[in-house]
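Dear colleague,

I am passing on the structure below, together with notes on what was found in it. Please read the notes with the coordinates open beside you.

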Amino acid sequence: MFYFESVADFIAMCYVKKDGTEMCHGAYVWSAYGIALVVLITAALAPLQRNRGVRKAILRQMRREAAAQSQTQTPEKSQAEDF
Amino acid sequence: MANWTWFHRLGSPKWFYEKSGRWLRWLVPLTVLVLITGLVWGLAIAPPDAKQGHSVRIFYIHVPSAMLSLAAFYLMASAGAVGLIWRMKLAFVAMKCSAPIGAALTALALITGSIWGKPTWGTYWEWDAKLTSMLILFFLYLGVMALQEAYSDKQAGAKASAVLALVGTVNIPIIYKAADWWNTLHQPATFKFTEESSIDPSLAWPFWIMIVGFYGFFAVVLFLRMRNEILYSERRTQWVRALVKGE
């Protein structure tokens, strides 16, 4: 099923053309796949992280509003939003 | 009379938030599975090319990311048009959220193409028509992203960047046809929908799997980003507050 016979072959990715010249493209292939993985994983994790930030900010806002409501005797201060 | 209720419902942020949550439950595992299958197949199972050797494996990430970067631009511009014409809130959200994903995929296509260019053409970069128009696409994405933030009024920013996205679509057919119109370095498409493709079927399988995987990836990240935008913009509503407190 796998094209390569050993792990070393898989890493080196050498290919001998019909005219006998050997081309080893491991460095190109692995760097391209490595960069692709980094880009895809970063793009997928960024919104997850932002989600936590948005939820926290909304909870903070709600707590501030609740605190302001319980202190009805003091004049209401203007609330600056922090997100 | 056509029934347009689905269209109006699609414009409701709450409806989209609930639906997309359900879609993601099967879309995420499916996309991960398809992407891993495609990556392993392209890296370790597919045979090398007789002329290019193993560098042809870069094809399995380069072409899908390039195709998606073009498709994402169309989607972004169409969403912008829907937002401009029907003033649909969710359309501008979709437009805003697809821009950074499109920019990331364009950058990936440019980088992997550059790495592939070295063993194939002997150079990392050439001011070839396809490469240059692809670089312009990257800057267009950045422009759409920057323009949204350039206005203090969010709605004005969304409108301006929608117009830029629509004007920018003129670049998409240019990229697509660049290799046919200008006979420079980049080869024309090997996959054709209308004629026989000039590629071996053993290479075609992992390619199509990767295309499906990249489309899935785009949809997943787009939904995740849109859901964040919705939470933020609807933060004063009851349903968002109940949702945030409930966890």
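**A buried glycine, helix pairs and the chain contact**

Gly113(B) is buried, because 24 other C-beta atoms lie within 10 Å (a residue is buried if 20 or more other C-beta atoms lie within 10 Å of its own, exposed if 12 or fewer, and partly exposed in between, with C-beta atoms placed from the backbone). This is a predicted model, in which local features need pLDDT of at least 70 and side-chain atom pairs count only at pLDDT 80 or more, while totals for chains, interfaces and linings use all residues. Residues are numbered from 1 along each chain as its sequence is written, and chains are lettered from A and ligands numbered from 1 in the order in which they are written.

Gly113(B) belongs to helix H4 (residues 89-121) of chain B, where helices (H or I, at least four residues) and strands (E, at least two) are DSSP runs numbered from the N terminus. His186(B) is 73 residues away from Gly113(B) in sequence, yet their C-alpha atoms are 9.9 Å apart in space.

In chain B, the axes of helix H3 (residues 59-86) and helix H7 (residues 171-181) come within 10 Å and cross at roughly 160°; axes are lines fitted to C-alpha atoms, for helices over the stretch in contact, and angles run from 0 to 180 degrees between N-to-C directions. Leu70(B), Phe73(B) and Tyr74(B) from H3(B) meet Ile172(B), Ile175(B) and Tyr176(B) from H7(B), contact being defined as C-beta atoms, placed from the backbone, within 7 Å. By class, this contact has 6 nonpolar, no polar and no charged residues (Ala, Val, Leu, Ile, Met, Phe, Trp, Tyr, Cys and Pro count as nonpolar, Asp, Glu, Lys and Arg as charged, and the others, Gly among them, as polar).

The axes of helix H2 (residues 13-45) and helix H8 (residues 201-233) of chain B come within 7 Å and cross at roughly 150°, and H2(B) and H8(B) are therefore roughly antiparallel to each other. Their contact has 22 nonpolar, 7 polar and 1 charged residues.

Chain A has 2 helices and 2 strands, in the order α-β-β-α along the sequence, and 14% of its 83 residues count as buried. In chain A, 30 residues are in contact with 32 residues of chain B, and the largest share of that side of chain A, 21 residues, comes from its helix H2 (residues 26-70).

With best regards

Conventions. Two residues are in contact if their C-beta atoms, placed from the backbone, lie within 7 Å. Angles under 35 degrees count as roughly parallel, over 145 as roughly antiparallel, 65 to 115 as roughly perpendicular and the rest as oblique.
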